[in-house]
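Visitor: I'd like to learn how to read a few features off a model like this one. Could you walk me through some?

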Amino acid sequence: MTTVIDGKAAAASVVEAVTSAAAVLETRGHRKPGLAVVIVGNDPASHAYVGAKSKMAKQCGFNSLQHTLPEDTSQDDLMALVASLNADPTIDGILVQLPLPKPLNSDPVIQSILPEKDVDGLHVVNAGKLAIGDTKTGLVSCTPAGAMILVRQVHGSDLSGLNALVIGRSNLFGKPMAQLLLAANATVTIGHSRSRDLPALAREADILVAAVGRPEMVKSDWVKPGATIIDVGINRIAAPERGEGKFRLVGDVAFAECKPVAAAISPVPGGVGPMTIAMLMANTVIAAYRAAGEAAPTF
C-alpha cells in the first residue's frame, strides 16, 4: 500500500508546536513574536495568501501586523517601510508578499530585510548559510523546509545511502531543497530543462522531488519502484468535466499513475502547500527566540 503523505496533518503538528513555543516565550517574560506582512497592490491571489498568513499568525499567538500599500507605491516608499520594520524591536519577522506589481523590483527589497528577520529565508546571507551546511543559525526558505519535514516523516533525519533527485533549480526552491537533502546525507542530483535524460535520472532516485511548474510532467515510468515522491508543483488545468470554464489543481507529478509505483507520495493539493505557511510561523518563532537570547526550538 502506498502512503499518501498528509501535508495538512504535518502542518497542523508544526503549528501546534509553534503555538506552544510562542506561549513558552511569554512565560519566560518575553514579548509575543511579531510578524509584519507587507502587500502591494490588488492581486486577489496575493491577498488570499496574505490573509491566510495573518490568520495563522494570530492563531499561533503572534503579534500580527499587515501593511497594505497601493498599486502605485514607489520603490523608495517600499524600501522605507522595510527599513522602519527592520528598526522596530517588536517585529521578529518581515514578509514582503511576492510578486510585486510592476515596475517594482523585488530583489533589492528582499535583500534589504535584515537576515535575522527574513522569515521567507530568501536573503543571500540565509541562502549562503544553507549552502555551506549551516542549518542552525540562518532561516531556511519555507517551502523546502516544509518539504523536508515530509521527507523526514518517511525516512527519518538521516538519508545516508539514499539517492535524491530534485527536478528544478530555482533559487526559491530547487537549490535550497538540494542543500537540505545534502545536509541530511543524501546523494543529491539536480535535474532541470537542460538535463540530458531526466527520466533516467528519476529512475535512480529513492527520493524524487518535483518543482518545475509543468502539469503532471513526471510519469509512472520515471519512478523507481518504492520511491518517495514529493510534489511541489501547483498548476491550474482546465476541468471541463466540472463545467465550462472550470479548473482543477494538479502537481508536477501524474499522481494517479505514479501512486501505485511509489511507496510514499505527496498529493496536490494537501501535500507541500500547507507546510509553507506552517514553516513561515516556525521561522518567526525561531527568530523571536533568537532575538530574546533564548535557544531556538527546532521543527
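Predicted model: local features only at pLDDT ≥ 70, side-chain atom pairs only at ≥ 80, totals over all residues.

Visitor: Is Leu 85 buried or exposed?

Guide: Leu 85 has 4% relative accessibility, and the cut-off for buried is under 20%, so it counts as buried.

Visitor: Which residues is Leu 85 in contact with, leaving aside its neighbours within four places in sequence?

Guide: Those are Ala 36, Val 38, His 67, Ile 91, Ile 94 and Lys 117. Leu 114 is worth a look too: it sits 29 residues from Leu 85 in sequence, with 9.4 Å between their C-alpha atoms.

Visitor: On to helix packing. How are two packed helices described?

Guide: By the angle between their axes and the distance between those axes. Here, helix 1 (residues 7-27) packs with helix 10 (residues 273-291) at about 20°, and the axes are 9 Å apart.

Visitor: What is the contact of helix 1 with helix 10 like by class?

Guide: It has 18 nonpolar residues, one polar and one charged. Among the residues that meet are Val 14, Val 18 and Leu 25 in helix 1, and Met 275, Ala 282 and Tyr 289 in helix 10.

Visitor: And what is a disulfide?

Guide: It's a covalent bond between the sulfur atoms of two cysteines. Searching the whole structure turns up zero of them. Take Cys 142: the nearest cysteine sulfur belongs to Cys 60, 12 Å away. Cys 142 is buried at 3% relative accessible area, and Cys 258 is buried at 0%.

Technical notes
Residues numbered from 1 in each chain as written. Heavy atoms only, no water. Axes fitted to C-alpha atoms, helices over the stretch in contact; angles between N-to-C directions. Helix = DSSP H or I, 4+ residues; strand = E, 2+ residues; numbered from the N terminus. Contact = heavy atoms within 4.5 Å. Nonpolar A, V, L, I, M, F, W, Y, C, P; charged D, E, K, R; others polar. Disulfide = S-S within 2.5 Å. Buried < 20%, exposed > 50% of the residue type's maximum accessible area, 1.4 Å probe, protein only.
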